[in-house]
Amino acid sequence: MTTSPDLEAVLADIRACRACLGDLPHEPRPVVRVFPETRLLICGQAPGRRVHESGLPFTDPSGDRLRDWLGVDSTTFYGDPRIGVAAQAFCYPGTAPKGGDYPPPRRCAALWRPRLLQALPQMELTLLVGGYAQAWALGTRAGSNMTGTVRAWRDYAPSVLPLPHPSWRNTAWLQRHPWFEAEVVPYLRQRVRDILTA
């Protein structure tokens with residue numbers, strides 16, 4: 001299926017965006033991967049360094065863990081247009097002096113998310129990956145922190161599912177909160193199966 005005119009236009013505008021030029025330590029390189037058929041949208045924080053270099057979302061160890069949570073392989077993740085990725089910010093924000101990446105610039109979501117989401121009429125499930133995505137999308141409905149929001153995942157179903165970030169930095173969090181992999185991951189895998197087999 002060819003890209004719809006509205007989606008085609010917004011994607012072209014996003015990829016040409018240079019709103020953060022001068023604020024980033026590198027040339028902006030917006031990374032977004034959605035299609036007219038997209039029914040599952042993965043909304044993370046912002047591309048990391050490896051994604052900035054590859055131009056393809058989740059081409060890093062975080063992506064391996066995310067795909068495991070979803071129950072899909074790389075071929076499906078990158079080849080099935082029903083799966084889309086559009087982070088809060090489309091450009092890599094750079095690495096903070098103390099490690100980890102800078103937060104996603106707020107202007108990116110304000111500039112592009114409403115228009116992009118309007119151009120995705122088949123959306124069934126949005127995964128809000130990490131606290132920044134959850135705070136932006138849920139507003140006052142978000143918990144006081146990421147853990148609280150993810151723990152209350154049933155409150156947002158069936159159209160939204162909050163997740164922790166799949167980064168290796170969250171391995172200790174996953175160990176402290178075994179209910180996530182016992183309860184949320186099986187639900188997520190079933191939703192993904194339903195979306196991809198409908």
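Modeller: Rings of Phe, Tyr and Trp (its six-membered ring) count as a pair if their centres lie within 6.5 Å. The model discussed here is a predicted one.

Colleague: Which residues do ring pairs link into a cluster?

Modeller: Searching the whole structure gives 6 aromatic pairs. One of them joins W69 to F180, with 4.9 Å centre to centre, and this distance qualifies because the cut-off for ring centres is 6.5 Å. Ring pairs connect a cluster made up of W69, W173, W179 and F180.

Colleague: How many residues apart are W69 and F180?

Modeller: The planes of W69 and F180 are 70° apart, so the pair counts as edge-to-face, given that the class begins over 60 degrees. W69 belongs to helix α3 and F180 to helix α9, so that the pair links distant parts of the chain, and both partners are buried, W69 with a relative accessible area of 1% and F180 with one of 0%.

Colleague: What is the angle between the planes of F77 and Y78?

Modeller: F77 and Y78 are both buried. They form an edge-to-face aromatic pair at 4.9 Å centre to centre, and the angle between their planes is 85°.

Colleague: The charged end of which residue sits over the ring of F77?

Modeller: A charge is taken to sit over a ring if NZ of Lys or CZ of Arg is within 6 Å of the ring centre and within 35 degrees of the ring normal. Over F77, the charged end in question is 5.0 Å from the ring centre, and it is that of R67.

Colleague: What arc around the axis do the buried residues of α3 cover?

Modeller: In helix α3, residues 61–70, the buried positions are S62, G63, L66, R67, W69 and L70. These residues lie on the same side of α3, because the arc they cover around the axis is only 155°.

Colleague: Which elements are included in what covers the buried residues of α3?

Modeller: Strands and helices both contribute to this cover. One of the strands is β3, which is itself mostly covered, with 5 of its 5 residues buried. The elements include α4, α8, α9, β1, β4 and β3.

Colleague: Which residue stands opposite V160 in β4?

Modeller: Strand β3 pairs in the parallel sense with β1 over 4 bridges, and L125 is the bridge partner of L40. Strands β3 and β4 also run parallel and are joined by 4 bridges. On β3, L125, L127 and V129 are buried on one side, and T126 and L128 on the other; the residue opposite V160 is T126.

Methods. Residues numbered from 1 in each chain as written. Predicted model: local features only at pLDDT ≥ 70, side-chain atom pairs only at ≥ 80, totals over all residues. Heavy atoms only, no water. Buried < 20%, exposed > 50% of the residue type's maximum accessible area, 1.4 Å probe, protein only. Helix = DSSP H or I, 4+ residues; strand = E, 2+ residues; numbered from the N terminus. Pairing = 2+ DSSP bridges. Arc of directions from axis to C-beta. Contact = heavy atoms within 4.5 Å. Phe/Tyr/Trp six-rings, centres within 6.5 Å; stacked < 30°, edge-to-face > 60°.
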